[in-house]
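Let's take a walk through a protein model together. Keep the sequence and the 3D view at hand as you read.

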Amino acid sequence: MKKTAALSVALGTLVALSAASNIALAGDKVKCYGVIEAGKNDCAANGHSCAGQAKVDNDPNEWKYMAKTECEKLGGTIGKPKS
């Protein structure tokens with residue numbers, strides 16, 4: 001019985017740590033506009049509804065999730081550009 005309880009606590013701790021790690025990773029990423037290659041966008045934008053449908057490289061209205069520091073390094077814009 002004690003082994004079952006210890007195993008349950010260990011599994012619960014592992015699940016909690018995994019969830020916290022995923023939240024931290026998601027929190028570090030931003031929508032970075034204007035730096036992606038054609039066909040490598042993440043989601044709907046610019047008149048289409050799916051990932052991978054960007055027609056041209058570096059379109060200012062297409063975006064991809066990436067780390068904020070990586071976006072800034074590539075010269076991207078964080079947040080939707082004003083039209």
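This is a predicted model: local features need pLDDT of at least 70, side-chain atom pairs count only at pLDDT 80 or more; totals for chains, interfaces and linings use all residues.

We will start with confidence, move on to the sheet, and finish with the cysteines.

Across the chain the average pLDDT is 80, and 71% of the residues score at least 70. That average hides a contrast: helix α2, at residues 68-74, has the highest confidence with a mean of 95, while helix α1, covering residues 2-27, has the lowest at 59. Look also at residues 20-24, where pLDDT stays under 50. For this stretch the model has 0 contacts beyond four places in sequence.

Now turn to the sheet. In general, the strands of a sheet pair through backbone hydrogen bonds, either parallel or antiparallel. Which kind of pairing does this sheet have? It is antiparallel, in an open sheet of 3 strands with the order β2-β1-β3. Strands β2 (63-67) and β3 (77-78) each have a single partner strand and stand at the edges, so one side of each lacks a neighbour in the sheet. Strand β1, made of residues 29-33, is joined to β2 by 5 bridges.

Cys 32 leads us to the next topic. How many disulfides does the structure hold? There is 1, formed by Cys 32 and Cys 71, with their sulfur atoms 2.0 Å apart. Cys 32 belongs to strand β1 and Cys 71 to helix α2, so the pair ties together parts that lie 39 residues apart in sequence. If you look along the S-S bond, the angle about it is 80°, and the link of Cys 32 and Cys 71 is right-handed. Are these two cysteines buried or exposed? Both Cys 32 and Cys 71 are buried.

Two other cysteines deserve a look, Cys 43 and Cys 50.

How values were computed
Residues are numbered from 1 along each chain as its sequence is written. Side-chain values use heavy atoms; hydrogens and water are left out. pLDDT is the predictor's confidence in each residue, from 0 to 100. Helices (H or I, at least four residues) and strands (E, at least two) are DSSP runs, numbered from the N terminus. Contact means heavy atoms within 4.5 Å. Two strands pair if DSSP finds at least two bridges between them. A disulfide is a pair of cysteine sulfur atoms within 2.5 Å. Buried means under 20% relative accessible area, exposed over 50%, partly exposed in between (1.4 Å probe, protein chains only).
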